[in-house]
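Please examine the sequence and the model before reading each solution.

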Amino acid sequence: MIRLLTLLYILILATVLDAAPIPKSLKARGVSGDPNGVWQLTRFNINGKDGGHENMSKYWEIDGELFFIGIANPDNRGQQTGTSFKITDTEDPNFRIFQTSPSRIKVDGDRLCWVYTSGAKNVVDECEPGPNRYYYEYKRVK
């Protein structure tokens with residue numbers, strides 16, 4: 001009988017823990033998904049004008065705080081030097097410094113957008129095209 005009650009207690013505890021809400025501190029971060037992996041460029045916009053991605057490198061990879069631009073094909077992962085893609089605030093890991101420029105990424109399922117500005121004085125608070133911005137959209141390579 002004691003074993004049965006113990007097992008029942010463990011099952012109830014596991015159910016309660018599984019249904020526990022996400023802590024507010026994690027929700028507040030706005031982390032939108034895992035950006036690590038290989039991505040295929042689908043759209044490019046500079047200063048609010050679309051076009052030109054057809055002539056750009058097709059595959060790009062994010063691996064932690066490194067950005068590999070211009071991978072010949074998805075099988076060539078990690079075969080070149082990565083560019084600095086530093087997280088400067090652990091509370092906002094989607095804001096990054098790309099080389100010396102402020103940038104922002106946003107992952108939505110198998111889609112990623114990335115925007116950066118030229119010059120450290122410019123602010124990047126959302127992942128949207130606009131003036132003084134380089135905006136890219138990708139789809140995840142599986």
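**Exercise 1. Determine whether C113 is buried or exposed, and characterise the disulfide in which it takes part.**

Step 1. The relative accessibility of C113 is 9%, and C113 therefore counts as buried (buried: under 20% relative accessible area; exposed: over 50%; partly exposed in between; 1.4 Å probe, protein chains only). The model is a predicted one, in which local features need pLDDT of at least 70 and side-chain atom pairs count only at pLDDT 80 or more, while totals for chains, interfaces and linings use all residues. Residues are numbered from 1 along each chain as its sequence is written, and side-chain values use heavy atoms, with hydrogens and water left out.

Step 2. The partner of C113 is C127, with the two sulfur atoms 2.0 Å apart (disulfide: a pair of cysteine sulfur atoms within 2.5 Å). C113 belongs to strand β8 (residues 111-117), whereas C127 sits in the loop between β8 and β9 (133-140); the bond thus links distant parts of the chain, 14 residues apart.

Step 3. C127 has 7% relative accessibility and so counts as buried. The count for the protein is 1 disulfide.

**Exercise 2. State how many helices and strands the protein has, and give their order.**

Step 1. There are 2 helices and 9 strands (DSSP runs numbered from the N terminus: helices, H or I, at least four residues; strands, E, at least two).

Step 2. Along the sequence, the elements follow the pattern α-α-β-β-β-β-β-β-β-β-β.

Step 3. Of the 142 residues, 29% count as buried.

**Exercise 3. Describe the geometry and the placement of the aromatic pair W60 and Y138, then that of F98 and W114.**

Step 1. The protein has 17 aromatic pairs (Phe, Tyr and Trp rings, the last by its six-membered ring, with centres within 6.5 Å; planes under 30 degrees apart are stacked, over 60 edge-to-face, the rest tilted).

Step 2. For W60 and Y138, the ring centres are 5.4 Å apart and the planes meet at 65°, so the pair is edge-to-face. Because W60 lies in strand β3 (residues 59-63) and Y138 in strand β9, the pair ties together parts 78 residues apart in sequence. Both W60 and Y138 are buried.

Step 3. F98 and W114 are also edge-to-face, at 4.8 Å centre to centre and 80° between the planes. F98 is in strand β6 (residues 95-98) and W114 in strand β8, so this pair ties together parts 16 residues apart in sequence. Both F98 and W114 are buried.
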